[in-house]
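Let's take a walk through a protein model together. Keep the picture in view and follow along.

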Amino acid sequence: MPAECFTCPARTAAVSCPQSAARAGVSLQDLASDTALTKDHPQRPLNFTPEIQRATAEEVPYKDGPATMKVLLLKDPKEDDDRGQDPYIRELGLYGLEATLIPVLSFEFLSLPSFSEKLSHPEGYGGLIFTSPRAVEAVKLCLEKANKTEAWETSLKEKWNSKSVYVVGNATASLVSKIGLDPEGENCGNAEKLAEYICSRESSALPLLFPCGNLKRETLPRMLKDKGVPMESITVYQTIPHPGIQGNLNSYYSQQFVAIGPTTARALAAQGLPVSCTAESPTPRALAAGIRTALQPHRC
């Protein structure tokens, strides 16, 4: 997830997606649960810790001196597979910024029986499209709930791998690989570029199966439709607010915002929040550089 940035004399905060931008600009009461919920598993946790994560200058040495600025990142913590630390915390620490992560969103899974049935019939589809980690999590839940893990390992996985499995982003690609599928297109960077990639390769008359969230943008479906590439989408999760965000935000006085990309920047602007800088690319390093630049006298 990307980020937006609030600052005061000793503090800066960053937010990770357009939905987070909206949460920062509107009322934050009546927030929901700190776990991902499903209709059948009301307390099913996702693979992230709801606790606030922090990194100080002592934990991540700053090459030019100790941390002097605190940064609040509105995103759920994710550990880097190689270093066991959230990559945003690590990169911000290298710039002398003391980072705190607070989850903003939770997720409720939907339509799992229907999705499970579709996963059981790969012969009816030309491939899969994953544009979020939650959609991959929905696959795992379907296999567990329907006791189809063995069938997946012995035959279904191989049948899906005989088709294309398109993904956006390295994080989603990594999760797709962990369930035994072979992703492609992860370097496209966004849905529009992935759609172009898919359209340049697809010739099957069978639809691509697209598990998605309730807040998905219509860019990819529209582009595929315009190019005559059949696609069948199914909403497998919905986004809900995370609890505790208002109390934590109240401890940070916000003046500046740094957006992870143009979509987040537009969402912030729509909420009347000033964007001091937009990261050059949606990566931890680019965000850290953007925040550091925004704090300089001439900014960006």
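A residue counts as buried when its relative accessible area is under 20%, as exposed when it is over 50%, and as partly exposed in between, using a 1.4 Å probe and protein chains only. A disulfide is a covalent bond between the sulfur atoms of two cysteines. Here the test is a pair of cysteine sulfur atoms within 2.5 Å, and the count comes to zero disulfides.

Before going on, a word on what you're looking at: this is a predicted model, where local features need pLDDT of at least 70, side-chain atom pairs count only at pLDDT 80 or more, and totals for chains, interfaces and linings use all residues. Residues are numbered from 1 along each chain as its sequence is written, and side-chain values use heavy atoms, with hydrogens and water left out.

Now zoom out. The protein chain has eleven helices and 14 strands; these are DSSP runs numbered from the N terminus, with helices (H or I) of at least four residues and strands (E) of at least two. Of its 300 residues, 48% are buried. Contact means heavy atoms within 4.5 Å. Among the contacts in the chain with a separation of 6 or more, 71% are between residues 24 or more positions apart.

Next, find helix H3, residues 112-119. Which of its residues are buried? They are Leu112, Phe115, Ser116, Lys118 and Leu119. These residues cover an arc of only 160° around the axis, so they sit on the same side of H3; the arc is taken from the directions from the helix axis to the C-beta atoms. Their cover includes strands S7 (105-109), S11 (208-213) and S12 (231-241), along with helices H4 (133-145) and H5 (149-161).

Move on to Ser164, in strand S9 (residues 164-167). Is Ser164 buried or exposed? Ser164 is buried, with a relative accessible area of 16%. Leaving out residues up to four places away in sequence, Ser164 touches Gly126, Gly127, Leu128, Glu184 and Glu202. The side chain of Ser164 also makes polar contacts: one with the side chain of Tyr166 at 3.4 Å, and one with that of Glu184, at 3.4 Å. A polar contact is a pair of N or O atoms within 3.5 Å; within protein, one must be able to donate a hydrogen and the other to accept it, and residues adjacent in sequence count only if both atoms are side-chain atoms.
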